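Colleague: I'd like to learn how to read a protein model from the inside out. Could you take me through it, one feature at a time?

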Amino acid sequence: MAGLYNPKVAHSITAAYATRAHTTTVVASFLLLALVRCTPPATALDPIPRQITSKLSVARRGRASARTFPPHPAQFLAARRAEKASAAAETTWVRESDGFDSVTGIATTNDAPSKSTAAAAAAAAIPRASAANKAALAAIFAAAQLPIPANKPNACAWPGVQCADNGAVEGLFLSGSPLSHPPTPRLCNRTAREPGGKAPAILAASIGQLTDLTILALTNLWLAGSVPRSLSWLTKLGSLDLSGNCFTGSLPIAFFRMPNISYVRAATNFFAGGLPQRPAAYAAMKGLRGFDLRDNRLSGPIPGALATLPNFEELILDRNRLSGIIPPALLKKQLSFLSVRENRLSGDLSGQQIMASGIDFTRNRLTGNLDTIEFDPWVSFIYVSENLFSGSFPEILCSEMSNVQVADFSHNRLTGVVPVNCFNSATQGLRQLWLDHNNFSGSLQPFTRLSESITFVDLGFNKFSGRIPQGLATLSSLTYLDLGANSLTGPIPRFCQGQQALTFLNLAFNALSGPPTPLSFPTCARSLAALYLSSNRLSGRIPATISSFKRLRWLLLDRNALTGAIPAGVSIMQQLKGLGVSYNRLSGPIPAAWPRTFGQVLLAGNRLSGAVPAALSKLKRASFKPGNPNLCGTPLPACK
């Protein structure tokens, strides 16, 4: 039964690559991909994922500070197109109040515009690209296997091309279909002849001829090979995005030779090797503000030389193979976001200052006493999960100056009780709190002071004891509460009060007693999708009101002392996917009807009787034995 309760198997991103696709803010890019923390094992009832917003909307598959990263190219282009369309409309349509064409000045009595006149005027308003720029763009479109509009001889009118008034190409935004997951070597090596295949292309060297480019975004185009050296000729380039391609080799030297570059994003490729270590390598990019190289194969240490860049503020190196320490110079620099999750970083951070407004150090090998680490008083996002940190309850959550919105200290070696002065009025901005898989102890009473705006609380796998306070159960914005695997006692308090939209409730592996009361609360039926009450001391019957839980997908009541029959109402719970009631004292027949969505049932260790329903006999994930001596029919012996 232990395999059934696994609400927090390793999380990844959105998804992110949701999967952590970059949006206008790093918050959006991280709070999208932060939240699918539950990846079910193949043999278990998969708990519902945490898909509400980061843990980074960076819900935990992403997260970040409130500072903005560069505008997403698609948004930038949409805004420019809207401006262009608006301008074209204003200059070509006849205004009834004026009675003349605003472009030609010719009086007219026609209240409706001529479509041909409007189209011609709009085309005339678009700057015309030079022959050299048109040839360069045509080569790029061809290499990326993108169609060129046959009815648009002017390259400035091609999709994704943005021109200045003099016809110079200032912006190029080309993107394929968004990837549902990162490219893999197999996908990047496939050919166009394979099913759904699109052979990776090589970025044309003619890109270097577009010397007026200030923004270049070539994303999700399956571009492979090396980035051409001619990219370094783009000396006016301020923002570069090559994410979601199949580029290989070491990081292009061109990245470090563009004097006006502010943002470089080359996430989700196959770049390998190390980052330049010497400050001289970054001398030409003094204006660099953001570097996003997540989801590559980079190795070696993180260069402290990045801290010498005067305007540098955002570094994202997630899911590479980086090793060594996080340079103290970077820790002390006032960055808006520093994210190095899922690498091979190590080192003792005891006594260090961490001055970034948002950090994500998740899943490394970092050590140190959290009591001695000084965080920026204005830090908003802290993700240090799955490391080896020690110490007591994080002081930053008790500080009068706290500005923390998301705090993830889970899967470490923290100990002690929660101070009674924590979660004061200064922490009212706290939205998500993850303290699971540590060794905290004592009462849950301090958590009743959490902000009414908090949505996620995970305190599972600790040593908390005593009763669940009613004040914690009725936090008005709570959608996810995990108190599993502690030493809690007493009855289950009343949940789902007021406008609370509780979706996930895990109270399993405690010593709670009394009836399974959440199934008796009509207000819980409005939102609850997963209820885990396994391995407690619950007694009484399963309430017939279970049929009103139309959204419930996972219900685990196994290893208690429940009696009576399985309510027939389960047949109308159309969202139900899994039911665990094994090792109770249930009796009577199994309900004949089950939802079509149903996929797993655990009934062993009871006193059930009669024939196994046909809907359950073919399930691959079903247990009827031991126990239930009076059950019969497939997959058990035939009924007599």
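**Reading the inside of the model**

Modeller: Let's begin with one side chain, Phe447. Leaving aside residues up to four places away in sequence, Phe447 touches Val418, Phe423, Leu433, Leu435, Leu459, Phe464, Leu472 and Leu475 (contact means heavy atoms within 4.5 Å). Keep in mind that this is a predicted model, where local features need pLDDT of at least 70 and side-chain atom pairs count only at pLDDT 80 or more, while totals for chains, interfaces and linings use all residues. Residues are numbered from 1 along each chain as its sequence is written, and side-chain values use heavy atoms, with hydrogens and water left out.

Colleague: What does the protein consist of, in helices and strands?

Modeller: You'll find eight helices and 41 strands; these are DSSP runs numbered from the N terminus, with helices (H or I) of at least four residues and strands (E) of at least two. Of the 640 residues, 53% are buried (under 20% relative accessible area, with exposed over 50% and partly exposed in between; 1.4 Å probe, protein chains only).

Colleague: Which residues touch the most other members of the largest nonpolar core?

Modeller: A nonpolar core is a set of buried Ala, Val, Leu, Ile, Met, Phe, Trp, Tyr and Cys residues joined through side-chain atoms within 4.5 Å. The largest one here has 147 residues, and Leu172, Phe361 and our friend Phe447 touch the most other members. Elements giving two or more residues to this core include α4 (131-143), β2 (169-175) and α7 (470-473). The largest share, five residues, comes from α4. Apart from this core lies another, of 12 residues, among them Phe381, Phe456, Phe504 and Ala530.

Colleague: How do I describe two aromatic rings that pair up?

Modeller: You give the distance of the centres and the angle of the planes. Rings of Phe, Tyr and Trp (its six-membered ring) pair if their centres lie within 6.5 Å; planes under 30 degrees apart are stacked, over 60 edge-to-face, and the rest tilted. That rule gives 16 aromatic pairs here. Take Phe456 and Tyr480, which are stacked, at 5.7 Å centre to centre with 25 degrees between the planes. This pair links distant parts of the chain, with Phe456 in strand β26 (residues 456-458) and Tyr480 in strand β28 (residues 480-482), 24 residues apart. Phe456 and Tyr480 are buried.

Colleague: Is Asp292 buried or exposed?

Modeller: Asp292, in strand β10 (residues 290-292), counts as buried because its relative accessible area is 0%. Its side chain is joined to that of Arg265 by a polar contact of 2.9 Å. (A polar contact is a pair of N or O atoms within 3.5 Å; within protein, one must be able to donate a hydrogen and the other to accept it, and residues adjacent in sequence count only if both atoms are side-chain atoms.)

Colleague: Which side chain does Asp408 join through a polar contact?

Modeller: That's Ser410, at 2.7 Å. Asp408 is in strand β22 (residues 406-408), and Asp408 is buried because its relative accessibility is 0%. The C-alpha atoms of Asp408 and Leu435 are separated by 6.4 Å, although the two residues are 27 apart along the chain.
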